[in-house]
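Visitor: Good morning. Could we go through this structure together, one part at a time?

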Amino acid sequence: MKEIVKAGNLKKVYPNGTVALKNINISVQNGEFIGIMGPSGSGKSTLLHILGGLDKPSGGYVKVFGEEIHKLSEDKLADFRKRRIAYIFQFYYLLEDFTVLENLTLVAEMVGIKEPKEKALELLEFLRLSHRINHKPYQLSGGEQQRVAIGRALIVEPELILADEPTGNVDSEEGEKIFKLFKELNDKGITFIVATHNENLKPFFTRIIKLKDGEIIQS
Ligand SMILES: Nc1ncnc2c1ncn2[C@@H]1O[C@H](COP(=O)(O)OP(=O)(O)O)[C@@H](O)[C@H]1O
Ligand SMILES: [Mg+2]
């Protein structure tokens, strides 16, 4: 198995003095479906942001696909984030003034995907959203908006998906569907690291990393 994420002695202190991560050591292998679990405030989002290059650690190192991302400049980091990693958040962050289809094609064009429209339509069909392509995000249910966000993540053909409370704003039935979809994508080879405090989702994970007060108490 190939190690795709490795972090050691990770520490995060926010400017206001809050110590969010203390001494985190993590190794993620290609193909894993990892749950980062723990109560609210335990450091799940902070850890995910650092692993994905969205934030910098205050100490320690993070290697993703062999690249020491904590050392990269903002420009290089932005470039690095574009293709191989994708993010899914609790609040979707869709472009509100654009249609569902455009939310996907704009990202596809930005990263240089060939035939962005065909690819987007194919993905939207897979996500059961074909009847929604010309709608705008506000016209969709929470579950549908999250599926659009998943489509936007998938269109860059990522090897690694980082998801932060992806089912935090959908009902439990839709949440299960989203996780089944993740599982299907994981079976196709995409590695997942998912932060959630939802205990019902535990059975989906191949491994659980449990955080408490910024420390790993189980992995
Ligand atoms: N931008 C920030 N500035 C200061 N403190 C923060 C910031 N983001 C998170 N925190 C604090 O860091 C700790 C961990 O937060 P977070 O990583 O969001 O945990 P979780 O995702 O598990 O709820 C909490 O005490 C939180 O209040
Ligand atoms: Mg969080």
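This is a predicted model: local features need pLDDT of at least 70, side-chain atom pairs count only at pLDDT 80 or more; totals for chains, interfaces and linings use all residues.

Visitor: Which residue does Gly 35 stand opposite in β9?
Guide: In β9, that residue is Ile 208.

Visitor: And how do β3 and those two strands pair?
Guide: Strand β3 (residues 33-37) pairs with β8 (residues 191-195) in the parallel sense, over four bridges. The pairing of β3 with β9 (residues 207-212) is also parallel, again over four bridges.

Visitor: How many residues of β3 are buried?
Guide: Five of its five residues are buried. On one side of β3 these are Phe 33, Gly 35 and Met 37, and on the other Ile 34 and Ile 36, so that both faces are covered. In a regular strand, side chains alternate between the two faces of the sheet.

Visitor: Let us change topic. Which residues of helix α4 are buried?
Guide: In α4 (residues 116-126), they are Ala 120, Leu 123 and Leu 124. Because these buried residues fall within an arc of 100° when seen down the helix axis, they line one face of α4.

Visitor: What covers them?
Guide: The cover includes α3 (100-111) and α5 (142-154).

Visitor: And what follows α4?
Guide: Arg 128 follows α4, and its phi is positive, near 60°.

Visitor: What about ligand 1: which helix gives the most to its shell?
Guide: Helix α1 (residues 44-51) does, with three residues. Among the residues surrounding ligand 1 are Tyr 14, Asn 16, Gly 43 and Lys 44.

Visitor: How do the residues of that shell divide?
Guide: Two are nonpolar, nine polar and one charged.

Notes. Residues are numbered from 1 along each chain as its sequence is written. Chains are lettered from A and ligands numbered from 1 in the order in which they are written. A residue is buried if 20 or more other C-beta atoms lie within 10 Å of its own, exposed if 12 or fewer, and partly exposed in between; C-beta atoms are placed from the backbone. The arc is that of the directions from the helix axis to the C-beta atoms. Two residues are in contact if their C-beta atoms, placed from the backbone, lie within 7 Å. A residue is near a molecule or strand if its C-beta atom, placed from the backbone, lies within 6 Å of it. Ala, Val, Leu, Ile, Met, Phe, Trp, Tyr, Cys and Pro count as nonpolar, Asp, Glu, Lys and Arg as charged, and the others, Gly among them, as polar. Two strands pair if DSSP finds at least two bridges between them.
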